[in-house]
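Student: I am new to this structure and would like a close look at one part of it. Could you walk me through it?

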Amino acid sequence: MSSVAFARIARARLCCTSTTSPSAYRLRPTTRVQSVQPVWAASFSTRPSALRMPEGDAHDPHHEESFEEFTARYEKEFDQVQDVFELQRNLNNAFAYDLVPSTSVITAALRAARRVNDFPTAVRVFEGIRAKVENVHQYNEYLTELQSMREEMGVVLKEDLFPNTMGGERTNPA
């Protein structure tokens, strides 16, 4: 039993009269003690002007992030990657938006894949690009721009690894 239950039982015994009628054993109603408000609650304002976030605040859930802010944020996140889980989580988050990440974000992701020694994820980055672009021409532009990076990192495309399973036209510009 809790100490509150013991206190109630003790109070009930003290409240009882000496008569033996059943109504004599009823508890007396007690007054509730109002709790004291903490200091921080007294200083909180509920006025609408006090609850508004400043204009252009990046932490505002309705703030629309520009493409440059998106690029800078994901370059920074990929530069801080320490393990495969963080790399794959950041890639999932970056490709979840309704845009194709810039080549600088892709370069940062490939460098992070090299840092954590994850070749399959590096190959999957290009599969993500292929899925996000609107047409084969845009995919070829990405491949052309990232050709030197792919050669530096030794990343082979899935269509080069499995040429018969990709279907359609060959998209490798090399």
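This is a predicted model: local features need pLDDT of at least 70, side-chain atom pairs count only at pLDDT 80 or more; totals for chains, interfaces and linings use all residues.

Student: Is F119 buried, partly exposed or exposed, and what is its relative accessibility?

Tutor: F119 counts as partly exposed, because its relative accessibility is 39%, and partly exposed covers the range between under 20% (buried) and over 50% (exposed). You will find F119 in helix 7, which spans residues 119-132. Together with L161 and F162, F119 makes a nonpolar surface patch of about 290 Å².

Now follow helix 7 along to its charged residues. Side chains of opposite charge can pair when their charged atoms come close. E127 does this with K158: the two form a salt bridge whose closest N and O atoms are 3.8 Å apart. This pair links distant parts of the chain, since E127 belongs to helix 7 and K158 to helix 10 (residues 158-161), 31 residues apart. E127 is partly exposed at 22% relative accessibility, and K158 is partly exposed as well, at 29%.

A salt bridge also joins R130 and E159, with 3.5 Å between the closest N and O atoms. R130 lies in helix 7 and E159 in helix 10, so this pair ties together parts 29 residues apart in sequence.

Definitions and conventions: Residues are numbered from 1 along each chain as its sequence is written. Side-chain values use heavy atoms; hydrogens and water are left out. Patches are made of residues with over 30% relative accessible area and no salt bridge: like charges are joined within 9 Å, nonpolar side chains (Val, Leu, Ile, Met, Phe, Trp, Tyr) within 5 Å. Accessible areas come from the Shrake-Rupley method with a 1.4 Å probe; for residues, only the protein chains shown count as cover. A salt bridge is a side-chain nitrogen of Lys or Arg within 4 Å of a carboxyl oxygen of Asp or Glu. Helices (H or I, at least four residues) and strands (E, at least two) are DSSP runs, numbered from the N terminus. Buried means under 20% relative accessible area, exposed over 50%, partly exposed in between (1.4 Å probe, protein chains only).
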